[in-house]
Amino acid sequence: MSGKSLVTATINGEEKQFLCEPRQSLLEVLRDVLYLTGTKEGCNDGNCGACSVIVDGVLLDACCMLAVEAEGSSVETIEGLATGDELHPLQRAFLEETGLQCGICTPGFLMSAKALLDKTPRPDEQQVRHWLAGNLCRCTGYDKLVRSVLKAVEA
Amino acid sequence: MKDFQYLAPRRLDEAAALMAEHAGSAQLLAGGTDLLIFMRNGRKSPEVVIDAKKIPELTRLQLDAGRLTIGAAVSCRTVWEHPEIIEKFPALADAATLIGGIQIQGRATFGGNLCNAAPSADTVPPVIVYGATAHIASARGERQAPVEEICTGPGLTSLAPDEILVSLSIPAPQANSGAAFLRFIPRNEMDIAVANAAARVDLDETGETISAARIAIGAVAPVPLYVEAAGAALAGKPVNDGSIASAARIARDASTPINDMRGTVEHRKQLVEVLTARALRRACDRARGEKIQ
């Protein structure tokens, strides 16, 4: 009916062009068109936060945004967090504090934590818990995740 | 999700022309946190989706001589990050920080929450108590309506299929006025209201007498409910437990909740009375200059 649109967006600092249908979410395009499969699909309805990405500085669920809306935007995904082989301090802290088990929710938690630290470099525990409330984890339990973020803050 | 045409007009008149051309088969897209979910599960299947976020009038957040204008496509996060809104219109920030998690707040909008017309919509009672006016545009012209007249039933509004909610405008708060919004959910974050309540009070210069008040309650009626009688009962009354309790009782009696997975009729009636009283107390404290986040 409507065919595909050509969208230009900056993904992890690099300008990309991609074709997508209007009905494809940013999540679908990240995974299935750009093959950036670090962003996970959990509930696909804005409840679990597994697909958290940062668009123009704003943390959001990629399942709740159309990819065509990303025209001209800057999108940050988990793939942009490390610098080459050098892990981001949050990633190191998650490893050291065992802030993950199965790993499906991890990219979303890391992006939420990054968005928090971008805005508030030294958050307290309450702020960390508030900013992670939009992310669900079914195996780790949240204490280790909170501890991981707080450890990255101290680092 | 069914296929559709995506359009992103940059001018309000263009958007109005598109809404007229596709009236009934078009949906305006603001934050998408409700619409995209409904499109995915088949509850809505528009042929045309018109993105509201490229239209200046819908994305503007403006304080002009104390009057606040919130474009219909302004996100909750933009509202709660605004220091002057937190100070001057704290009940808006109360609601904006309660909806979903940070991810949802970054996308979800005041205009979308109103037009989605959920009985539990958390941003609607606060804009009602602030006396907001809805500015509506279509190819046929512009009109204004009190915000409490927009929702007409669960998922239903008084907007015609070709009409666009442009913005909500809220008069500058008077001296010695305060407002608050409270919600009950069985956990700390990320849930839909079992009941909610917003209150605004204007106190006289002594801070001891209420000159005017407005109360609105949610998730206890088919629409977010403006309880005019509860506010009117407070006019001229002293700020004390007795006046607050009688207004809260009126709010309880005005509620017509249902039994569902979130709560029973009795539970919701009790909650809305308690929440109204607490919101009134908090509004009075804020009117007296206390900073309560």
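Visitor: How do you know that domain 1 of chain B is in contact with domain 2 of chain B?
Guide: Two residues are in contact if their C-beta atoms, placed from the backbone, lie within 7 Å. By that test, 14 residues of domain 1 of chain B are in contact with 19 residues of domain 2 of chain B. On the domain 1 side, helix α1 (residues 12-21) of chain B gives the largest share, 6 residues. This is a predicted model, where local features need pLDDT of at least 70, side-chain atom pairs count only at pLDDT 80 or more, and totals for chains, interfaces and linings use all residues. Residues are numbered from 1 along each chain as its sequence is written, while chains are lettered from A and ligands numbered from 1 in the order in which they are written.

Visitor: Why is the length of helix α11 of chain B said to agree with expectation?
Guide: A helix is a DSSP run of H or I with at least four residues, and a strand is a run of E with at least two, both numbered from the N terminus. The expected span is 1.5 Å times one less than the number of residues. For the 14 residues of α11 (residues 241-254) of chain B that gives 20 Å, and the end C-alpha atoms are 20 Å apart, so the two agree.

Visitor: Which residues of α11(B) are called buried?
Guide: They are Ile244(B), Ala247(B), Ala248(B), Ile250(B), Ala251(B) and Arg252(B). A residue is buried if 20 or more other C-beta atoms lie within 10 Å of its own, exposed if 12 or fewer, and partly exposed in between. Among what covers these residues are β12 (195-203), β13 (210-218) and α12 of chain B. Ala251(B) touches Ile215(B), Val227(B) and Val272(B), among others.

Visitor: What makes chain A as compact as a globular protein of its length?
Guide: The radius of gyration is taken over C-alpha atoms, and the globule rule is 2.2 Å times the number of residues to the power 0.38. For 155 residues the rule gives 15 Å, and chain A has a radius of gyration of 15 Å, so it is as compact as a globular protein of that length. Chain A has 5 helices and 5 strands, and buried residues make up 48% of its 155 residues.

Definitions and conventions: Lists of a residue's contacts leave out its neighbours within four places in sequence.
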